[in-house]
Amino acid sequence: MDKLQFQKDLIGWFSEEKRDLPWRRTADPYQIWISEIMLQQTRVDTVIPYYKRFIEKFPTLHDLAAADEEVLLKQWEGLGYYSRARNLQAGVREVAENYDGIVPNSRKEISALKGVGPYTAGAVLSIAYGIPEHAVDGNVMRVLSRILLIEEDIAKPKTRKIFEEAVTEIISHEDPSSFNQGLMELGALICTPTSPKCLLCPVREHCAAFHEGKQQDLPIKTKAKKTKALQYAMLAIQNGETVLMEKRPESGLLANMWQFPMVELTEEVLPVEIEEQLSESFRGTVSNAEKITSFKHVFSHLTWNVDGYIAKGENLIVPPHMKWVTAEELELLPISGPVQKMKTVLKQRGDV
């Protein structure tokens, strides 16, 4: 490969064809950091409105560092993978406390921050600070597996090192920001997972896989294990104008998010059986249970199959992690995707 010509072709194409994205209009490392965390496991089109609202709500690093977690989670609501938001805030607080609010510009220091992995570190360093550091994610591994004909399994963590070394070797030292963003953009627009648009590719002449007709065979990636499935009953228990909500534990899946009380099911149950179980749990009366919806929610590592019920609750003794809320208060609580599905059905029925 002619390294300098490859850099020139890639950067030239990127400067002409790049999408106008809001985080490309800033060199602020804080804002670029936010965009990179939001873009993990989430499509660009989905992220744009969230990013704009987030920057409006927390325009500076100190604003985010000082934010209440519930306000933060409410801003993140719908983006999923909520640990990203909590880790982002923890990392931002470290910068506020230890670096006078200035995001560090060395890989060692930035990588030590909570939630900042090798990819995010390289992206912020190259895009915000113009430092020639590798930023290797699945997108970049796909592109370079084809260009450099790398036939290692990209599903294996140790393979990333090969690609990090490759980027370090070929990255532009004059414009590392455009180089790294160019690789990402190439993967998003041209060198796609299936049916890569090779005839439109600005670096086709440098692509070893294209010359050998192997572009459809790469990257090599072994299949992930089948995800686990769990069955739940989710209950909107009403008492007058209020509905019962519970806060999830401080750690684990959807930590600190609010939800309608949930019961894990091991077999199919009748509404009356759920009434009996909950009446006993709350030492009160749960009645009129009626199934109003069923839906599936897929996480990266497991699937929830949920039956949604509405019910009445009287004289319930609720634990500290639960509370009765009005419709107005419900709007302020951070809730996850599955709970949003239930809430939508309740709203359509006029129940909240």
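The structure is a predicted model, and the mean pLDDT of the protein is 95, with 100% of its residues reaching 70 or more. The largest pocket holds about 840 Å³ of space, while about 360 Å³ lies in the second largest pocket.

**Confidence**
- Among the elements of the protein, the highest mean pLDDT, 98, belongs to helix 4 (residues 61-66), and the lowest, 91, belongs to helix 13 (residues 271-282).
- Where pLDDT is low, predicted coordinates should not be read in detail.

**The largest pocket**
- The lining of the largest pocket is made up of 33 residues, and those that lie nearest its centre are L39, V44, Y119, D137 and N139.
- Helix 2 (29-39), helix 8 (118-129), helix 9 (138-147) and helix 11 (176-189) each contribute at least two residues to the lining of this pocket, and the largest share, 6 residues, comes from helix 11.
- Divided by class, the lining of the largest pocket comprises 12 nonpolar, 11 polar and 10 charged residues.

**The second largest pocket**
- The second largest pocket, with about 360 Å³ of space, is lined by 21 residues, of which G80, Y81, Y82, L254 and F299 are the closest to its centre.
- Helix 6 (83-98), strand 5 (285-298) and helix 15 (337-349) each provide at least two residues of the lining of the second largest pocket.
- By class, the lining of the second largest pocket has 8 nonpolar residues, 12 polar residues and 1 charged residue.

How values were computed:
Residues numbered from 1 in each chain as written. Predicted model: local features only at pLDDT ≥ 70, side-chain atom pairs only at ≥ 80, totals over all residues. Heavy atoms only, no water. pLDDT = per-residue confidence, 0-100. Helix = DSSP H or I, 4+ residues; strand = E, 2+ residues; numbered from the N terminus. 1 Å grid on protein atoms, 1.4 Å probe; cavity = no way out; pocket = protein on both sides within 12 Å on 5 of 7 lines; lining within 4 Å. Points joined across faces, edges and corners; volume = space filled by probe spheres on them. Nonpolar A, V, L, I, M, F, W, Y, C, P; charged D, E, K, R; others polar.
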